[in-house]
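This report describes the fold, the packing and some local backbone features of a single chain. The sequence and the model come first.

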Amino acid sequence: MGAAVDIWSEWLLNQRFAHLSEEERADTLRALRFFRDTTLKHARLLPGQTVVDLGSGTGLLTHRAAELSGPQGLIIALDISRKSLQELQNADGPVPISALTADAAMIPLRSGVADRIVMRSV
């Protein structure tokens with residue numbers, strides 16, 4: 001697990017799951033990481049790819065996708081919630097992430113801009 005994922009997990013624990021017991025937080029993070037890793041495994045992300053995280057929320061997939069795509073890649077976090085995207089950027093790691101406030105039903109990107117589109121719970 002890399003730096004960006006650790007930043008996201010630490011942010012999540014402090015912001016969203018502070019009310020849970022330590023054991024409950026560990027279980028929740030384990031489950032979220034399982035869903036994240038399974039989703040991204042099936043996406044077969046490669047270094048240098050442009051990835052759109054559709055309905056990114058606060059960045060469960062985004063930060064790990066950024067690690068997998070690397071510094072030559074481009075990650076676009078797209079969500080209808082400006083607040084979620086701000087939180088995502090507050091937890092941003094070493095790989096730049098572009099945030100785009102938009103409705104997933106009308107993605108404001110030109111056709112072919114992304115190598116992969118990932119989503120979870122959208």
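Which residue is the bridge partner of D53 in strand 4? The partner is V118.

## Basis of the model

The model is predicted: local features need pLDDT of at least 70, side-chain atom pairs count only at pLDDT 80 or more, and totals for chains, interfaces and linings use all residues. Residues are numbered from 1 along each chain as its sequence is written, and side-chain values use heavy atoms, with hydrogens and water left out.

## Overall layout

The chain contains four helices and four strands, arranged along the sequence as α-α-β-α-β-α-β-β. Helices (H or I, at least four residues) and strands (E, at least two) are DSSP runs, numbered from the N terminus.

Of the chain's 122 residues, 39% count as buried. Buried means under 20% relative accessible area, exposed over 50%, and partly exposed in between, with a 1.4 Å probe and protein chains only. Among contacts with a separation of 6 or more, 62% link residues 24 or more positions apart; contact means heavy atoms within 4.5 Å.

The four strands form an open sheet in the order 3-2-1-4, with parallel pairing. Two strands pair if DSSP finds at least two bridges between them. Strand 3 (97–101) and strand 4 (116–118) are the edge strands, each pairing on one side only. From one strand to the next, the twist averages 20 degrees. Strands of a sheet pair through backbone hydrogen bonds, either parallel or antiparallel.

Strand 1 (residues 50–54) runs parallel to strand 4 and is joined to it by three bridges. The D53 and V118 pair belongs to these two strands.

## Helices on the sheet

Helix 3 (residues 60–69) lies across strand 1, strand 2 (74–79), strand 3 and strand 4, at about 165 degrees to strand 2. Axes are lines fitted to C-alpha atoms, for helices over the stretch in contact, and angles run from 0 to 180 degrees between N-to-C directions. Seven of the 10 residues of helix 3 are buried, so the helix is largely enclosed by the rest of the structure. The buried residues are L60, L61, T62, H63, A65, A66 and S69. Just after helix 3, G70 has a positive phi of about 75 degrees.

Helix 4 (residues 82–90) lies across strand 2 and strand 3, and runs at about 170 degrees to strand 3. S84, L85, E87 and L88 are buried in helix 4. Seen down the helix axis, these buried residues fall within an arc of 160 degrees, so they line one face of helix 4; the arc is that of the directions from the helix axis to the C-beta atoms. R82, K83 and N90 are exposed on the other side of helix 4.

## Nonpolar cores

A nonpolar core is a set of buried Ala, Val, Leu, Ile, Met, Phe, Trp, Tyr and Cys residues joined through side-chain atoms within 4.5 Å. The largest has 14 residues, and those with the most contacts inside it are L40, L45, V51, A65, I75, I97 and V118. Helix 2 (22–43), helix 3, strand 2 and helix 4 each give two or more residues to this core. Helix 3 provides the largest share, three residues. Apart from this core lies another of five residues, among them V52, I76, L78 and A102.

Leaving aside neighbours within four places in sequence, L40 is in contact with L45, L61, R64, A65, L68 and V118.

## Loops and local features

S56 sits in the loop between strand 1 and helix 3. This serine counts as buried, at 7% relative accessibility. Not counting residues up to four places away in sequence, S56 touches T62, A77, L78, D79, L85 and L88.

R44 is in the loop between helix 2 and strand 1 and is exposed at 63% relative accessibility. S121 is in the segment after strand 4 and is exposed, with a relative accessible area of 68%.

A search of the whole structure finds one aromatic pair. F34 and F35 form this pair, edge-to-face, at 5.7 Å centre to centre with 65 degrees between the planes. Rings of Phe, Tyr and Trp (its six-membered ring) pair if their centres lie within 6.5 Å; planes under 30 degrees apart count as stacked, over 60 as edge-to-face and the rest as tilted. F34 is exposed at 52% relative accessible area, and F35 is partly exposed at 44%.
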